[in-house]
Amino acid sequence: MKFIDLFCGIGGFRLGFERNGYECVFSSDFNIKVQETYERNFGERPTGDITQVNPNDIPDFDVLLGGFPCQPFSISGRKLGFEDTRGTLFFDVCRIIEAKQPKVVVLENVKHLINHDKKRTITVILNALSNLGYNVSYKILNLKDFNLPQNRERIVIVGCKVGNFDFNKIRNHKSNPLKDFLDTDGNFDYLEKSEYTILEKEYIKVQKESGLKFIGYRNKEGFKGVRPNSMHLNRVHRQPNRIYSVDGYHPTIPSQESAGRFFIYLPEEDRVRKLTINECYRIMGFPDNFIKHPLIGEQYKQIGNSIGVNMTEELAFQIINQKLLNITDESSREITGNLQELLYN
Ligand SMILES: C[S@@+](CC[C@H](N)C(=O)[O-])C[C@H]1O[C@@H](n2cnc3c(N)ncnc32)[C@H](O)[C@@H]1O
């Protein structure tokens, strides 16, 4: 069971697939700092810019994995040819699929992809995969359903040459609250009492859908214009100033936050502290012995860009469990001429 790891980041997909016995035969990411972390952990430097990769240089593989950046297409969703996606990174995913004919393709993206550009982006992606001969299914998955205490929604698209990926078979494991994932001792970065406000009891509830428990906020300037009696609403506070209780889940760790301003309230101590960088990696499913980049800002960015490992682990398991790799007809692996000629001659 061989796979390739495109837009690999620090290897969130790879960890989950390796845990299920798959072997990585090729990886690509053009960010030098990301490549450094990947190499430290997997002993292999990813190839750079995907747009420069000739598929004929990639060894054969069964599964293509890719958390590609979301870009608008300039064509209408009704057009079918993936050639029309030229100029986007998704086009590069497609030309590798066309040349290598993997049995399964797994793509991951932010939840917002589903509505991006008035739903045209997702329509073009689904059409293009189907046009390449794949049965396609997709679903929005949330890390909190994979035993990780983080509300992190991602769209996962799976294309199969034979059969169809059934998301209903995914084994969900509702996570315990954040408190069960925290370090018990260490050099924690606590806030002074004067630096934050904890809400009155009647305002504190675990939010139904997300499982977040917004409990207070850091006392920052800039509350001008906020209507009276609305300070208990989390939306009036900027994200890095919001404080969540460890009795609930953590909000999505974003990629733009390079200072790690994630503040958590510990009811038993009645104190607020920063989530540590190790805890950030843990609630993305990375093992404690994962080697992080030496620069702290990069550590935060890289984990925020990543995919949750428990989720990729389950996807890897389901591909085997649902027998989506059991293709016996070798003829389906032939390269379909035209586009190859167009690009490389
Ligand atoms: C959202 S991240 C994917 C992270 C990955 N799934 C993980 O688990 O860590 C997208 C990645 O695509 C990479 N990328 C963007 N454009 C690229 C290109 N032209 N060639 C190769 N990699 C690219 C970025 O450097 C970034 O690491």
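In this predicted model, a backbone N or O atom of Ile10 lies 3.2 Å from an oxygen atom of the ligand. Phe30 contributes a backbone N or O atom, 3.1 Å from a nitrogen atom of the ligand. Taken alone, the ligand exposes 600 Å². The protein buries 89% of that area.

Around the ligand stand 19 residues. Asp29 and Phe30 are among the closest of these. Asp49, Ile50 and Ile307 complete the group of closest residues. Sorted by class, the shell holds eight nonpolar residues and nine polar ones. Two charged residues make up the rest of the shell.

Charged pairs were also searched for across the whole structure. This search finds 21 salt bridges. One of them joins Arg95 to Asp92. The closest N and O atoms of this pair are 2.8 Å apart. Both Arg95 and Asp92 belong to helix 3, which covers residues 89–100. The two residues are three apart in the chain, about one turn of the helix. The salt bridge between Arg95 and Asp92 thus has both partners within helix 3.

How values were computed. Residues are numbered from 1 along each chain as its sequence is written. This is a predicted model: local features need pLDDT of at least 70, side-chain atom pairs count only at pLDDT 80 or more; totals for chains, interfaces and linings use all residues. Side-chain values use heavy atoms; hydrogens and water are left out. A residue is near a molecule or strand if one of its heavy atoms lies within 4 Å of it. A polar contact is a pair of N or O atoms within 3.5 Å; within protein, one must be able to donate a hydrogen and the other to accept it, and residues adjacent in sequence count only if both atoms are side-chain atoms. Accessible areas come from the Shrake-Rupley method with a 1.4 Å probe; for residues, only the protein chains shown count as cover. Ala, Val, Leu, Ile, Met, Phe, Trp, Tyr, Cys and Pro count as nonpolar, Asp, Glu, Lys and Arg as charged, and the others, Gly among them, as polar. A salt bridge is a side-chain nitrogen of Lys or Arg within 4 Å of a carboxyl oxygen of Asp or Glu. Helices (H or I, at least four residues) and strands (E, at least two) are DSSP runs, numbered from the N terminus.
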